[in-house]
Amino acid sequence: MDSKRFEAHRDIVAAVLDRNRKYTLQEADEAVQEYRKGKVK
């Protein structure tokens, strides 16, 4: 992931998004936001 948009959340992007699939910016952004909203157990 070389996107400056997701630079601060590289670890989340790597964990949430499939490397073999292409995502729109909106899809990727929504996946990151959904992950960040998750509750800590």
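The legends below accompany close-up views of a predicted model.

**Figure 1. Overall make-up of the chain.** In this predicted model, the chain contains two helices and zero strands. Of its 41 residues, 17% count as buried, and the accessible surface of the chain comes to about 4,000 Å², with 46% of that area belonging to carbon and sulfur atoms.

Figure 2. The largest nonpolar core is made up of seven residues, namely Phe 6, Ile 12, Val 13, Leu 17, Ala 28, Ala 31 and Val 32. Two or more residues of this core are given by each of the elements α1 and α2, and the largest share, three residues, comes from α2. In soluble globular proteins, nonpolar side chains tend to be buried together.

**Figure 3. The surroundings of Ala 28, a member of the core.** Ala 28 belongs to the largest nonpolar core, and, when neighbours within four places in sequence are left aside, Ala 28 is in contact with Phe 6, Leu 17 and Tyr 23.

Figure 4. Residues up to four places away in sequence not being counted, Ala 31 touches Val 16 and Leu 17. Although Ala 31 and Val 16 stand 15 residues apart along the chain, their C-alpha atoms are separated by 6.9 Å.

**Figure 5. The salt bridge between Asp 29 and Arg 5.** The side chains of Asp 29 and Arg 5 meet in a salt bridge, with an N to O distance of 3.8 Å. This pair links distant parts of the chain, since Asp 29 is in helix α2 (residues 25–37) whereas Arg 5 is in the segment before α1 (10–16), 24 residues apart. Asp 29 has a relative accessibility of 28% and therefore counts as partly exposed.

**Figure 6. The salt bridge between Glu 27 and Arg 21.** Here the side chains of Glu 27 and Arg 21 meet in a salt bridge, the N to O distance being 3.4 Å. Glu 27, at 32% relative accessibility, counts as partly exposed, and Arg 21 is also partly exposed, with a relative accessible area of 44%. Side chains of opposite charge can pair when their charged atoms come close.

Definitions and conventions
Residues numbered from 1 in each chain as written. Predicted model: local features only at pLDDT ≥ 70, side-chain atom pairs only at ≥ 80, totals over all residues. Heavy atoms only, no water. Helix = DSSP H or I, 4+ residues; strand = E, 2+ residues; numbered from the N terminus. Buried < 20%, exposed > 50% of the residue type's maximum accessible area, 1.4 Å probe, protein only. Areas by Shrake-Rupley, 256 points an atom, 1.4 Å probe, with all protein chains shown as cover. Salt bridge = Lys/Arg side-chain N within 4 Å of Asp/Glu carboxyl O. Contact = heavy atoms within 4.5 Å. Core = buried A, V, L, I, M, F, W, Y, C linked by side-chain atoms within 4.5 Å.
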